[in-house]
Each structure stands twice: as C-alpha cells, then as structure tokens.
Amino acid sequence: LCKKLRDEKLYLKKKESTTMSGNYGEPDWITTADPQTNAATQEEFSPSDMIGANTSTSSNSKNRATLTQRLLSIFCCLLAVCMCALGVLGFLSSLKSSSIVNASEVFICFYMVMFSLLLFTYELMWWISVPTINRIVRKNFGFMYGFKGKGLYLIFVAFLCVGLDNGGEEWLRYFTGVAFLSGGILHLFLVCFRPEIVETYQAPTAGLV
C-alpha cells in the first residue's frame, strides 16, 4: 500500500511539471535556434553587402558631380562665345556709328574679347590640357582654377557686358550679361550648398607637375 501511494505521488508531480511546462513554455536560453535561420540572418546583414551598398552610393554621387562639372564647363564655353561675339559686334558698331571713335567703348570691347578668350582657354585646358598653355594660364590667372574664383570672375564680366553702351546689340548685351551673372551665382551656390560637387573638381594640372 505504501509503495502504491508513493508511485501515485511521483506520477502526480511528473504530471504537474509537464502541465506547467506546457503552459509557460521553455525559457529562451533553453530553446535552440534554427541554424538555417541564423545563417539567413547573417547573410542578410553581412558586412560585404553593406560595403557594396556604400560603394554604389559613392559611385553614383561621384558620377552626378562629374556630370554637373561637365555641363558647367560647356555652359562657360557658350558664354565665352557669346561674349566674344558681343565684343566684336560692339567694336564694329563703334567704328560705324560716327567719325569720332569712342575710346572707352573700344577698350571695353577689347577687354570683353580678351576675357572671353581667357575663359574659353581655361575650359579648353580642362578638357584637353596643353602643358605650355596651361602653365601660362595658371601662372597669370590662377583664380580661374577654382569654383569660387571662377564664379566671382563670371559675375565681374557680367557687369562688364551690361556696361557696353551700344544700342545695336542691346539684346545680345543683356542676354550675355544675365547669362554670365547666372553662371557666377550658380558657381557660388554650389560652393556654399553643394560642396560634394566642388570637392571632386580637379583643375587642369598639365605642365605643373
């Protein structure tokens, strides 16, 4: 009889422990994770994927910066052509307007042609560098070799274009002046608010190293 009671108590204790384990579950530290789940998690957040994503983002940003720099260079070349045409037409108009040539207008036209050639030469050196020419331009006009210096140069030339008092080319005068002013402001805007574009800019170095 005693043995029978003892067996019944053991049976009841075992039943209670099974019931409690079913109700409350096993502790987290006892439960073993699925190896396949862990492997999938490691693959999902592997360092190589993160490095690849960062490299792709950096490459896209660099490509956008390069494209912006090329478009600005083409825009500056067009500005130089417009300014040179304005200077030549202004000079011819000054000669035909009267028998007395206005010396100030002639000098302004001359400087406009020279400044336009300077801008065009620098942009040409940016695309196709000639060591001798690039060394001369860098030595005498070093301010052109940076976004900030070139932006201020464009703004200065914009007022020079507007100051040309020749009615024959009035539309070209205002168009060129506004275009130069817009280009200068855009360069300064990129320097202040888009430094990632300016930081990757490389001025021509042929003949300097």
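Trainee: How many aromatic pairs does the structure hold?
Mentor: There are 11 aromatic pairs. Keep in mind that this is a predicted model.

Trainee: What's the geometry between Phe110 and Tyr111?
Mentor: That pair is edge-to-face, with 5.8 Å centre to centre and 65° between the planes.

Trainee: Is Phe110 buried or partly exposed?
Mentor: Phe110 counts as partly exposed because its relative accessibility is 48%. Tyr111 is also partly exposed, at a relative accessible area of 44%.

Trainee: And Phe147 with Tyr201, what sort of pair?
Mentor: Their ring centres are 4.8 Å apart and the planes sit at 80°, so the pair is edge-to-face. This one links distant parts of the chain: Phe147 is in helix H6 and Tyr201 in the segment after helix H8, 54 residues apart. Both Phe147 and Tyr201 are buried.

Trainee: Which charged end sits over the ring of Phe147?
Mentor: That of Lys150, 5.8 Å from the ring centre. Elsewhere, Arg138 lies over the face of Tyr145, 4.7 Å from the centre of that ring.

Trainee: Which rings are linked into a cluster?
Mentor: Phe110, Tyr111, Phe115, Phe141, Phe143, Tyr153 and Phe156, through ring pairs.

Trainee: Switching to the largest nonpolar core: which residues touch the most other members?
Mentor: Met83, Met112, Leu119, Tyr153, Cys161 and Phe180, out of 31 residues in that core. Helices H3, H4, H6 and H7 each supply at least two residues of the core.

Trainee: What does Cys161 touch?
Mentor: Leaving aside residues up to four places away in sequence, Cys161 touches Met83, Leu86, Met112, Arg173, Thr176, Gly177 and Phe180.

Notes. Residues are numbered from 1 along each chain as its sequence is written. This is a predicted model: local features need pLDDT of at least 70, side-chain atom pairs count only at pLDDT 80 or more; totals for chains, interfaces and linings use all residues. Side-chain values use heavy atoms; hydrogens and water are left out. A nonpolar core is a set of buried Ala, Val, Leu, Ile, Met, Phe, Trp, Tyr and Cys residues joined through side-chain atoms within 4.5 Å. Buried means under 20% relative accessible area, exposed over 50%, partly exposed in between (1.4 Å probe, protein chains only). Helices (H or I, at least four residues) and strands (E, at least two) are DSSP runs, numbered from the N terminus. Contact means heavy atoms within 4.5 Å. Rings of Phe, Tyr and Trp (its six-membered ring) pair if their centres lie within 6.5 Å; planes under 30 degrees apart count as stacked, over 60 as edge-to-face and the rest as tilted. A charge sits over a ring if NZ of Lys or CZ of Arg is within 6 Å of the ring centre and within 35 degrees of the ring normal.
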